Amino acid sequence: MKMEQEAKEYTLSVLTEDKPGLLNRLTIIFSRRKINISSLNVSSSEVAGVSRYTLVVTETKEHLEKVVKQIRKLVDVLGAFVYDEDQIFYQEIALYKVAASAFEQNGMIEKLVRNNGARIIALDKDHIIIEKTGTKHETHELYLALEPFGILEFVRSGRVAISKSKRKTEAFIKELESSRSNKLSIKDF
Amino acid sequence: MEAAVEIKEKKETVLGSEALLKCLLKENVDTIFGYPGGAIMPVYDSLFKYENKLKHVLTRHEQGAVHAAQGYARSSGKVGVCFATSGPGATNLITGIADAQIDSTPLVCITGQVASHLLGSDAFQETDIIGISMPVTKWNFQVSSADEIPYAISRAFYIAASGRPGPVLIDITKNAQQELMEFKYKSCEKIRSYQPYPDVDEDKILEASKLINEAEKPLVLVGQGVTLSGAEKEFKQFIEKAGLPVASTLLGLSALSTKHPLYVGYTGMHGNYGPNLKTNECDLLIAVGMRFDDRVTGDVNKFAKQAKVIHIELDPAEIDKNVKTDVAINADAKQALKLLTPEVQEKSYESWLKEFKNCDDKEHEKVKSQALFPEDGELKMAEVIHQISQITEGKSIVVTDVGQHQMVASRYYQFDQKKSNITSGGLGTMGFCLPAALGAKLGTPKRQVIAIIGDGGFQMTVQELGTIMQYNIDVKILILNNNFLGMVRQWQELFFERRYSFTEMTNPDFVALANSYNISAQRVSERAELDDRINEWLSTEGPSLLEVMVEKEENVFPMVPTGSSVSDVRLE
């Protein structure tokens, strides 16, 4: 093989038929190469019956290219794409549970929520729930800021990403439907 | 569901179990290898009345069924089909499925499953075969209602046979087999998310032909892709026009006659001296339908670094996986070769070919002369294979197991007809041979099928002698018996200072064992008798077995030790 490349964080976007068992088939490809998936999100896409998987992994580009080719081989996978950080817009969502007493003590938490572009989505007599959307770095910043007040529970979602590419999913799938070729998915890499 | 295609025809109501058989008939299945059990009993009950249309071969173990289906597929070129019940029946298929996956063999494996309402409850003989088989199947699917059966089966056959072939598993719950459904069938012709045949990039064809036309020391490595795409003729035209020397991988053997003047030998760990050495001297390596397995490349960092590499390969995931290519043609071998041949110039490489000849002379002096023509001492495996090759004129189908006998058979059987080499290459499955051979015979009844097995591998699936007996399947079985797990012993000798840790075997009387199955058998240990015994064995009507007692501690050379460069191929 060529020189060892450096591992970097990449975002994978995989379009699939909405079929059970596919998540397993997909993750097997990573686990057999001992690649850790740092985040994974599955959702519907803008095309009915088509799911979009968004995965974040830290790997060398060369290694990842081989993985992506193996993902494309899966019968129910329509397309798989790898993106650098600058080829996508992405967000994660974080929820923080803080004791109501801490919130009521002074205006500090409310100020943090405001300054961080977060919001309070639930408020009851025991605790409040804060929601913050942003990059991992941003949600982590708020975590650190809230930590002195006592975080009762914290959860962060997987990354969701949208590429800057001009490709339209629907047109891409139409092309697959009319073609006997898989060149499209290859050159799109 | 895509299967819901409107077909205006008389509707027929059948049980799911019968629908399955009707689907198989629609896919031109004539032979099924299988083993019944609780969760697949409705299918077997329907099979009872289809006995005249579908030949079912009852093996003695589900592993036997799947290997037999593999042998059938590889000799006939059709999809191999096997049945097993849920739980242990299904898990027993896994080795064969994994073997078919790595060696690109088209299979449709049908397993019974507990009723839908019991799924996930650890019911009797329930196992998550969909989960278990996922990493080793090209596709799998669980049918839980009868009306999904045509959809699943049509897709299964399409996926198994198209593109780079592979195994598919369809798991059918018992209730789905017992439900009534309206039968209609339409073969699958397209799946939008699955594009098995890429358009050939003509620029790549031109780039490749330019490299070929400019080469001074080209070498072709031919793999099973040529056999799978049925491109033997196109391949021969291509290499003959461009005058290219050809070396074969293990699974590529028999794609080109070993007697062809441009054939320079077999490459890889126990391949010939010339092809291994010259891989690191050629200026252009043209890989056709092969995947640069580590048993071919040795240390991949020292493999053909001086050469430009052209890779003709149908599976895009194989391109640049192990060896970086200069020109990759992502295409079916037949299609690519048809386009490439008109673009290459007629050439010949006399002095370059002479170098292979010189290597062969050296190999002959150091290895072959002793292996093929020993004057005294115990029988050697190579001389036995050589005799068989001479007597059969290289025209038989040779099915091998895994180990020394496999390497010797691959080295010394002089294949002269296409689709004649059936062996477990990628997975290296001991126990593959006996069931695969019976399947191969049923796939191509007109051809002679010879099973070459070691004493170790023979005992891994020896129960299939029962299948051979019951159906009187004309397989000629050769056991090369050294009372050792020979290849492991060879490694222990060479790399573990002769610590023969658990490789010596006390074996049963194989002749008596075969006789107990009503299979005629004989044993030979004398050189003077070898020829006669082989002739008798091969001319016996029906199945017969020949046990040849061979030298206990014979080593297979040449050898590229694991992790070494192909240039470091050892002759002794």
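Buried here means under 20% relative accessible area, exposed over 50% and partly exposed in between, with a 1.4 Å probe and protein chains only. Helices (H or I, at least four residues) and strands (E, at least two) are DSSP runs numbered from the N terminus. In helix H11 (residues 232-242) of chain B, the buried residues are B:Glu232, B:Glu234, B:Phe235, B:Phe238, B:Ile239 and B:Ala242. Seen down the helix axis, the buried residues of H11(B) fall within an arc of 165°, taken from the directions from the axis to the C-beta atoms, so they line one face of the helix.

This is a predicted model, in which local features need pLDDT of at least 70 and side-chain atom pairs count only at pLDDT 80 or more, while totals for chains, interfaces and linings use all residues. Residues are numbered from 1 along each chain as its sequence is written, chains are lettered from A and ligands numbered from 1 in the order in which they are written, and side-chain values use heavy atoms, with hydrogens and water left out.

**Helix H11 of chain B**

- The buried residues of H11(B) pack against helices H9 (202-214), H10 (224-228) and H14 (333-340) and strands E9 (218-222), E10 (246-248) and E12 (284-288) of chain B, where contact means heavy atoms within 4.5 Å.
- After H11(B) comes B:Gly243, whose phi is positive, near 65°.

**Chain A and its helix H1**

- Chain A has seven helices and nine strands, and its C-alpha atoms fill a box of roughly 65 × 40 × 30 Å along the principal axes.
- Of the 189 residues in chain A, 44% are buried; among its contacts between residues at least 6 apart in sequence, 75% join residues at least 24 apart.
- In H1(A), the buried residues are A:Leu22, A:Arg25, A:Leu26, A:Ile28, A:Ile29 and A:Phe30.
- The cover over these buried residues of H1(A) includes strands E1 (8-17), E2 (37-44) and E3 (50-59) and helix H2 of chain A, together with strand E6 (139-143) of chain B.

**The interface of chains A and B**

- The contact takes 29 residues from chain A and 32 residues from chain B.
- The area buried between the two chains, meaning the accessible area (1.4 Å probe) that two parts lose on being put together, summed over both, is about 2700 Å², and carbon and sulfur atoms give 48% of it.
- Four salt bridges are found across the interface, a salt bridge being a side-chain nitrogen of Lys or Arg within 4 Å of a carboxyl oxygen of Asp or Glu.
- A salt bridge joins the side chains of A:Glu17 and B:Arg192, at 2.7 Å from N to O.
- On the side of chain A that touches chain B, helices H1 (22-31), H2 (61-73), H6 (169-178) and H7 (183-187) and strand E4 (77-83) each supply at least two residues.
- The largest share of that side of chain A, five residues, comes from H2(A).

- B:Glu383, found in helix H16 (residues 381-392) of chain B, is buried, with a relative accessible area of 6%.
- Leaving aside neighbours within four places in sequence, B:Glu383 is in contact with B:Ala371, B:Leu372, B:Pro374, B:Glu378, B:Arg527 and B:Leu530.
- B:Asp568, in the segment after strand E20 (544-549) of chain B, is partly exposed, with a relative accessible area of 45%.
- With neighbours within four places in sequence left aside, B:Asp568 is in contact with B:Met559 and B:Pro561.
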